[in-house]
Amino acid sequence: MNIRRLLLDVDKASARPSLVELAAAIDGVDGVEAVNITVTEIDIETVDMDITIEGNNLDYDKIIEAIESAGAVVHSLDEIIVGSKILERAESQR
Amino acid sequence: MKYLRWVTHRGRRLALVMGLVDGVLTTMLLAAGRILGRGMPMNFSVALRVAAGCFATAGFVFYIGRYTELRAELVRSEAQLNLARRGKLATTHLGRSVLFDAIAEAALSGVSSFMSALLPLTLALFFPTVPLFSIVVSLLALGIMGIVLGNAVRGSPVMWAINLIVGGTLMTLAGFWLHLV
(Lines give C-alpha, C1' and ligand atoms only; values in the text may rest on other atoms or scores of the structure.)
Protein backbone atom coordinates (compact mmCIF):
# COMPACT_ATOMS: atom_id res chain seq x y z
CA MET A 1 0.00 0.00 0.00
CA ASN A 2 1.45 3.33 -1.09
CA ILE A 3 0.47 6.01 1.42
CA ARG A 4 0.71 9.40 -0.30
CA ARG A 5 -0.75 11.78 2.23
CA LEU A 6 -1.57 11.83 5.95
CA LEU A 7 -3.45 14.46 7.90
CA LEU A 8 -2.88 14.13 11.64
CA ASP A 9 -4.30 15.96 14.62
CA VAL A 10 -1.34 16.45 16.96
CA ASP A 11 -0.91 18.13 20.34
CA LYS A 12 2.27 19.33 22.01
CA ALA A 13 3.21 21.26 25.12
CA SER A 14 3.67 25.00 24.55
CA ALA A 15 7.31 25.09 25.59
CA ARG A 16 8.71 22.01 23.84
CA PRO A 17 9.28 20.73 21.23
CA SER A 18 9.43 23.71 18.86
CA LEU A 19 7.59 23.46 15.54
CA VAL A 20 10.97 23.40 13.79
CA GLU A 21 12.13 20.42 15.89
CA LEU A 22 8.89 18.61 15.20
CA ALA A 23 9.08 19.31 11.46
CA ALA A 24 12.70 18.12 11.39
CA ALA A 25 11.74 14.89 13.17
CA ILE A 26 9.00 14.14 10.61
CA ASP A 27 11.16 15.20 7.68
CA GLY A 28 13.76 12.66 8.81
CA VAL A 29 11.43 9.72 8.11
CA ASP A 30 12.03 7.89 4.81
CA GLY A 31 9.57 8.72 2.05
CA VAL A 32 8.52 12.11 3.43
CA GLU A 33 8.67 14.76 0.72
CA ALA A 34 6.77 17.63 2.31
CA VAL A 35 5.41 18.55 5.71
CA ASN A 36 2.93 21.23 6.65
CA ILE A 37 2.35 22.04 10.31
CA THR A 38 -0.49 24.43 10.99
CA VAL A 39 -1.33 25.57 14.50
CA THR A 40 -5.08 25.37 14.98
CA GLU A 41 -5.42 26.25 18.65
CA ILE A 42 -3.18 27.63 21.38
CA ASP A 43 -4.02 26.92 25.00
CA ILE A 44 -2.10 28.10 28.06
CA GLU A 45 0.04 24.98 28.16
CA THR A 46 -0.71 23.14 24.91
CA VAL A 47 -0.66 23.76 21.18
CA ASP A 48 -3.02 21.89 18.85
CA MET A 49 -1.81 21.36 15.27
CA ASP A 50 -2.85 19.86 11.97
CA ILE A 51 0.10 18.13 10.34
CA THR A 52 -0.11 17.26 6.66
CA ILE A 53 2.56 14.94 5.33
CA GLU A 54 3.02 14.06 1.69
CA GLY A 55 5.41 11.65 0.05
CA ASN A 56 5.84 8.24 -1.47
CA ASN A 57 5.39 5.02 0.45
CA LEU A 58 4.98 6.84 3.73
CA ASP A 59 5.57 4.61 6.74
CA TYR A 60 2.70 5.46 9.11
CA ASP A 61 4.19 3.72 12.15
CA LYS A 62 7.58 5.38 11.71
CA ILE A 63 5.96 8.80 11.33
CA ILE A 64 3.95 8.31 14.53
CA GLU A 65 7.09 7.11 16.29
CA ALA A 66 9.03 10.18 15.08
CA ILE A 67 6.31 12.55 16.29
CA GLU A 68 6.01 10.85 19.69
CA SER A 69 9.72 10.58 20.16
CA ALA A 70 9.99 14.33 19.46
CA GLY A 71 7.64 14.84 22.41
CA ALA A 72 4.27 15.47 20.74
CA VAL A 73 1.09 13.40 20.90
CA VAL A 74 -0.96 12.13 17.96
CA HIS A 75 -4.68 12.44 18.68
CA SER A 76 -6.16 11.16 15.46
CA LEU A 77 -5.60 10.38 11.83
CA ASP A 78 -8.02 12.68 10.01
CA GLU A 79 -7.19 11.94 6.39
CA ILE A 80 -5.25 9.32 4.49
CA ILE A 81 -4.64 9.15 0.75
CA VAL A 82 -3.35 5.92 -0.71
CA GLY A 83 -2.56 4.84 -4.27
CA SER A 84 -0.56 5.73 -7.32
CA LYS A 85 -1.88 9.31 -7.39
CA ILE A 86 -3.29 11.82 -4.92
CA LEU A 87 -7.05 11.75 -4.95
CA GLU A 88 -8.65 14.79 -3.35
CA ARG A 89 -11.87 14.36 -1.39
CA ALA A 90 -14.97 14.58 -3.57
CA GLU A 91 -17.76 16.80 -2.27
CA SER A 92 -21.03 14.97 -1.74
CA GLN A 93 -23.81 15.96 -4.17
CA ARG A 94 -26.45 15.56 -1.47
CA MET B 1 29.54 35.75 18.52
CA LYS B 2 27.40 32.61 18.48
CA TYR B 3 28.48 31.75 22.04
CA LEU B 4 27.86 35.30 23.24
CA ARG B 5 24.33 35.13 21.82
CA TRP B 6 23.83 31.79 23.58
CA VAL B 7 25.08 33.15 26.93
CA THR B 8 23.03 36.35 26.79
CA HIS B 9 19.83 34.65 25.56
CA ARG B 10 16.82 35.68 27.66
CA GLY B 11 16.14 32.08 28.70
CA ARG B 12 19.59 31.79 30.25
CA ARG B 13 19.48 35.06 32.15
CA LEU B 14 18.71 33.28 35.42
CA ALA B 15 21.81 31.07 35.15
CA LEU B 16 24.03 34.01 34.30
CA VAL B 17 22.71 36.31 37.00
CA MET B 18 22.67 33.62 39.68
CA GLY B 19 26.25 32.71 38.87
CA LEU B 20 27.51 36.29 38.87
CA VAL B 21 25.78 37.24 42.12
CA ASP B 22 26.58 33.94 43.80
CA GLY B 23 30.30 34.24 42.99
CA VAL B 24 30.70 37.61 44.68
CA LEU B 25 28.47 36.80 47.66
CA THR B 26 29.98 33.37 48.36
CA THR B 27 33.47 34.81 48.10
CA MET B 28 32.54 37.54 50.58
CA LEU B 29 31.19 34.94 52.97
CA LEU B 30 34.19 32.65 52.63
CA ALA B 31 37.06 35.06 52.32
CA ALA B 32 36.04 38.46 53.72
CA GLY B 33 38.02 37.75 56.87
CA ARG B 34 41.22 37.13 54.96
CA ILE B 35 40.56 39.95 52.47
CA LEU B 36 40.09 42.41 55.33
CA GLY B 37 43.33 41.40 57.00
CA ARG B 38 42.35 38.74 59.51
CA GLY B 39 45.06 36.06 59.43
CA MET B 40 47.38 35.51 56.48
CA PRO B 41 47.06 37.76 53.41
CA MET B 42 45.34 36.42 50.30
CA ASN B 43 47.45 34.21 48.06
CA PHE B 44 46.93 32.72 44.61
CA SER B 45 46.23 29.19 45.86
CA VAL B 46 43.48 30.28 48.26
CA ALA B 47 41.96 32.58 45.62
CA LEU B 48 41.81 29.75 43.11
CA ARG B 49 40.36 27.29 45.63
CA VAL B 50 37.65 29.72 46.73
CA ALA B 51 36.74 30.44 43.08
CA ALA B 52 36.69 26.71 42.33
CA GLY B 53 34.39 26.19 45.32
CA CYS B 54 32.07 28.87 43.94
CA PHE B 55 32.07 27.13 40.55
CA ALA B 56 31.15 23.78 42.13
CA THR B 57 28.40 25.01 44.45
CA ALA B 58 26.81 27.41 41.97
CA GLY B 59 26.91 24.85 39.16
CA PHE B 60 25.56 21.94 41.19
CA VAL B 61 22.86 23.89 42.99
CA PHE B 62 21.69 25.42 39.72
CA TYR B 63 21.70 22.03 37.98
CA ILE B 64 19.52 20.43 40.66
CA GLY B 65 17.07 23.34 40.72
CA ARG B 66 16.83 23.73 36.96
CA TYR B 67 16.58 20.02 36.17
CA THR B 68 13.85 19.59 38.78
CA GLU B 69 11.97 22.55 37.32
CA LEU B 70 12.25 21.24 33.73
CA ARG B 71 11.22 17.70 34.69
CA ALA B 72 8.26 19.09 36.59
CA GLU B 73 7.37 21.02 33.44
CA LEU B 74 7.33 17.74 31.49
CA VAL B 75 5.10 16.12 34.12
CA ARG B 76 2.70 19.07 33.89
CA SER B 77 2.71 18.81 30.10
CA GLU B 78 1.90 15.09 30.33
CA ALA B 79 -1.17 15.93 32.36
CA GLN B 80 -2.19 18.66 29.91
CA LEU B 81 -1.74 16.29 26.95
CA ASN B 82 -3.73 13.56 28.71
CA LEU B 83 -0.92 11.03 28.49
CA ALA B 84 -1.85 7.87 30.34
CA ARG B 85 1.65 6.63 31.13
CA ARG B 86 3.59 8.59 33.76
CA GLY B 87 7.05 9.73 32.71
CA LYS B 88 6.30 9.18 29.01
CA LEU B 89 7.67 12.54 27.87
CA ALA B 90 10.89 12.00 29.77
CA THR B 91 11.62 8.99 27.55
CA THR B 92 11.33 11.08 24.37
CA HIS B 93 13.79 13.59 22.95
CA LEU B 94 12.36 16.05 25.43
CA GLY B 95 13.87 14.11 28.34
CA ARG B 96 17.35 14.39 26.83
CA SER B 97 16.70 17.95 25.76
CA VAL B 98 15.85 19.13 29.30
CA LEU B 99 18.82 17.21 30.73
CA PHE B 100 21.25 18.89 28.31
CA ASP B 101 19.66 22.28 28.90
CA ALA B 102 20.03 21.87 32.66
CA ILE B 103 23.68 20.80 32.33
CA ALA B 104 24.53 23.63 29.93
CA GLU B 105 22.87 26.25 32.11
CA ALA B 106 24.51 24.82 35.23
CA ALA B 107 27.90 25.09 33.51
CA LEU B 108 27.11 28.69 32.59
CA SER B 109 26.11 29.44 36.17
CA GLY B 110 29.26 27.76 37.52
CA VAL B 111 31.60 29.59 35.14
CA SER B 112 29.85 32.93 35.87
CA SER B 113 30.27 32.27 39.58
CA PHE B 114 33.94 31.38 39.11
CA MET B 115 34.61 34.56 37.11
CA SER B 116 32.79 36.89 39.49
CA ALA B 117 34.44 35.24 42.50
CA LEU B 118 37.80 36.14 40.98
CA LEU B 119 36.95 39.86 41.13
CA PRO B 120 37.31 40.40 44.90
CA LEU B 121 39.95 37.69 45.17
CA THR B 122 42.33 39.08 42.52
CA LEU B 123 41.90 42.62 43.83
CA ALA B 124 42.82 41.38 47.32
CA LEU B 125 45.77 39.56 45.77
CA PHE B 126 47.12 42.59 43.92
CA PHE B 127 46.28 45.25 46.52
CA PRO B 128 46.93 43.55 49.87
CA THR B 129 47.70 46.85 51.60
CA VAL B 130 44.32 48.36 50.71
CA PRO B 131 41.90 45.61 51.86
CA LEU B 132 38.80 47.78 51.60
CA PHE B 133 39.46 48.44 47.91
CA SER B 134 38.54 44.87 46.98
CA ILE B 135 35.36 44.99 49.07
CA VAL B 136 34.22 48.37 47.77
CA VAL B 137 34.82 47.44 44.11
CA SER B 138 32.94 44.16 44.61
CA LEU B 139 30.01 45.96 46.22
CA LEU B 140 30.05 48.44 43.33
CA ALA B 141 30.02 45.51 40.89
CA LEU B 142 26.97 44.13 42.72
CA GLY B 143 25.38 47.58 42.47
CA ILE B 144 26.02 47.69 38.71
CA MET B 145 24.51 44.21 38.36
CA GLY B 146 21.49 45.48 40.31
CA ILE B 147 21.09 48.43 37.92
CA VAL B 148 21.32 46.15 34.87
CA LEU B 149 18.84 43.70 36.39
CA GLY B 150 16.46 46.44 37.47
CA ASN B 151 16.42 47.78 33.92
CA ALA B 152 16.08 44.29 32.42
CA VAL B 153 12.99 43.46 34.47
CA ARG B 154 11.58 47.00 34.23
CA GLY B 155 11.89 47.41 37.98
CA SER B 156 13.60 50.13 39.96
CA PRO B 157 17.35 50.01 39.17
CA VAL B 158 18.13 51.95 42.35
CA MET B 159 16.22 49.50 44.55
CA TRP B 160 17.82 46.51 42.86
CA ALA B 161 21.26 48.05 43.30
CA ILE B 162 20.60 48.87 46.96
CA ASN B 163 19.30 45.36 47.66
CA LEU B 164 22.35 43.71 46.14
CA ILE B 165 24.76 46.08 47.88
CA VAL B 166 23.05 45.47 51.23
CA GLY B 167 23.21 41.71 50.61
CA GLY B 168 26.89 41.98 49.75
CA THR B 169 27.59 44.08 52.84
CA LEU B 170 25.82 41.57 55.11
CA MET B 171 27.77 38.70 53.53
CA THR B 172 31.00 40.63 54.04
CA LEU B 173 30.20 41.21 57.71
CA ALA B 174 29.25 37.56 58.16
CA GLY B 175 32.41 36.48 56.35
CA PHE B 176 34.57 38.77 58.48
CA TRP B 177 32.97 37.43 61.63
CA LEU B 178 33.11 33.75 60.55
CA HIS B 179 36.63 34.02 59.09
CA LEU B 180 36.30 30.74 57.19
CA VAL B 181 39.46 30.66 55.07
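1. Two strands are said to pair if DSSP finds at least two bridges between them. Helices (H or I, at least four residues) and strands (E, at least two) are DSSP runs, numbered from the N terminus. Strand 3 (residues 46-55) and strand 1 (residues 3-13) of chain A run antiparallel and are joined by nine bridges.

2. The structure is a predicted model, in which local features need pLDDT of at least 70, side-chain atom pairs count only at pLDDT 80 or more, and totals for chains, interfaces and linings use all residues. Residues are numbered from 1 along each chain as its sequence is written, while chains are lettered from A and ligands numbered from 1 in the order in which they are written.

3. On confidence, pLDDT is the predictor's confidence in each residue, from 0 to 100. Chain B has an average pLDDT of 91, and 100% of its residues score at least 70. For the complex, the predictor gives an ipTM of 0.71 and a pTM of 0.81.

4. The sheet of chain A is open and is formed by four strands in the order 2-3-1-4, with antiparallel pairing. Strand 2 (32-42) and strand 4 (73-82) of chain A stand at the edges with a single partner strand each, so one side of each is left without a neighbour in the sheet. From one strand to the next, the twist averages 15 degrees (axes are lines fitted to C-alpha atoms, for helices over the stretch in contact, and angles run from 0 to 180 degrees between N-to-C directions).

5. Which residues of helix 1 of chain A are buried? They are Leu22(A), Ala25(A) and Ile26(A) (buried: 20 or more other C-beta atoms within 10 Å of the residue's own; exposed: 12 or fewer; partly exposed: in between; C-beta atoms are placed from the backbone). These residues cover an arc of only 95 degrees around the axis, which puts them on the same side of helix 1 of chain A; the arc is that of the directions from the helix axis to the C-beta atoms. They pack against strand 1, strand 2, strand 3 and helix 2 of chain A.

6. Helix 2 (residues 60-70) of chain A has Ile63(A), Ala66(A), Ile67(A) and Ala70(A) as its buried residues. Their arc around the axis is only 95 degrees, which puts them on the same side of helix 2 of chain A. Their cover includes strand 1, helix 1 (19-27), strand 3 and strand 4 of chain A, together with helix 4 (93-126) of chain B. After helix 2 of chain A comes Gly71(A), with a positive phi near 110 degrees.

7. Chain B has six helices and zero strands. Its C-alpha atoms fill a box of roughly 65 × 35 × 35 Å, taken along the principal axes. Of its 181 residues, 36% count as buried.

8. The contact between the chains takes 12 residues from chain A and 11 residues from chain B (two residues are in contact if their C-beta atoms, placed from the backbone, lie within 7 Å). On the side of chain B that touches chain A, helix 3 (44-80) and helix 4 of chain B each supply at least two residues. The largest share of that side, four residues, comes from helix 3 of chain B.
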